[in-house]
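Visitor: I would like to walk through this model with you, taking one feature at a time. Could you show me the sequence and the structure before we start?

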Amino acid sequence: MTKWYNIDEDLPSVNTIRKIKRAGKHICLINHENKYFATSWRCPHAGADLSNGWCEEGRIVCPYHRHAFDLETGRGDKGQGNYINTYPIEKRDGKWYVGWKTNWLQRLLGG
């Protein structure tokens, strides 16, 4: 089950990255060339905060060691052997939402 969270007040301006927190989870909201993306915030290579990185050619680039990840799939560049999570973003009834799947325990506890 996917749980959706409103992100209107946190939408980043063009070509910027913003780290936000919803339901106890940090994510990166990205506006790359006027298109929104949402990814996990931590680089799997060395744990850097990806919100301090930048975007180029449809990828988010880690500020530590320049590992890059596709904004749509989360797949790392060739040879990296790693990835980041990506999350769907939707505009519904004039408002923007980001969603992620809840696990069975979260569903049981109503989260």
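Visitor: How many disulfides does a search of the whole structure find?
Guide: This is a predicted model, in which local features need pLDDT of at least 70 and side-chain atom pairs count only at pLDDT 80 or more, while totals for chains, interfaces and linings use all residues. Residues are numbered from 1 along each chain as its sequence is written, and side-chain values use heavy atoms, with hydrogens and water left out. With a disulfide taken as a pair of cysteine sulfur atoms within 2.5 Å, the number found in the whole structure is 0.

Visitor: Is Cys 62 buried or exposed?
Guide: Relative accessible area decides this, with buried meaning under 20%, exposed over 50% and partly exposed in between, using a 1.4 Å probe and protein chains only. Cys 43 has 2% relative accessibility and counts as buried. For Cys 62 the relative accessible area is 1%, so this residue is buried.

Visitor: Which residue has a side chain joined to that of His 67 by a polar contact?
Guide: His 67 is found in the loop between strand S6 (59-61) and strand S7 (68-70), where helices (H or I, at least four residues) and strands (E, at least two) are DSSP runs numbered from the N terminus. This histidine is buried, with a relative accessible area of 15%. A polar contact is a pair of N or O atoms within 3.5 Å, of which, within protein, one must be able to donate a hydrogen and the other to accept it, and residues adjacent in sequence count only if both atoms are side-chain atoms. At 3.2 Å, the side-chain partner of His 67 is Asn 82.

Visitor: Which residues is His 67 in contact with, leaving aside neighbours within four places in sequence?
Guide: Contact here means heavy atoms within 4.5 Å. Beyond its sequence neighbours, His 67 is in contact with Cys 43, His 45, Ile 60, Val 61, Cys 62, Gln 80 and Asn 82.

Visitor: In what order do the 4 strands of the open sheet lie?
Guide: Strands of a sheet pair through backbone hydrogen bonds, either parallel or antiparallel. In this assignment two strands pair if DSSP finds at least two bridges between them, and the pairing in the open sheet is antiparallel. Strand S2 (16-22) and strand S8 (86-87) are the edge strands, each pairing on one side only. The order is S2-S3-S4-S8.

Visitor: Which residue stands opposite Thr 86 in S8?
Guide: Strand S4 (residues 35-40) runs antiparallel to S8 and is joined to it by 2 bridges. Opposite Thr 86 stands Thr 39.

Visitor: What is the geometry of the pair formed by the rings of Tyr 36 and Trp 96?
Guide: Rings of Phe, Tyr and Trp (its six-membered ring) pair if their centres lie within 6.5 Å, and planes under 30 degrees apart count as stacked, over 60 as edge-to-face and the rest as tilted. The structure holds 3 aromatic pairs. For Tyr 36 and Trp 96 the ring centres are 5.0 Å apart and the planes lie at 65°, so the geometry is edge-to-face.

Visitor: How many residues apart in sequence are the parts that this pair ties together?
Guide: Tyr 36 is partly exposed, with a relative accessible area of 25%. Because Tyr 36 lies in strand S4 and Trp 96 in strand S10 (residues 95-101), the pair ties together parts whose separation in residues is 60.

Visitor: Which residues form one aromatic cluster?
Guide: Tyr 87 and Trp 100 make an edge-to-face pair, 5.9 Å centre to centre with 65° between the planes. Tyr 87 is buried at a relative accessible area of 13%, and Trp 100 is buried at 7%. The cluster consists of Tyr 5, Tyr 87 and Trp 100.

Visitor: Where is Glu 57 found?
Guide: Glu 57 has a positive phi of about 50° although it is not a glycine. Glu 57 is also exposed, with a relative accessible area of 69%. Its location is the loop between strand S5 (54-56) and S6.
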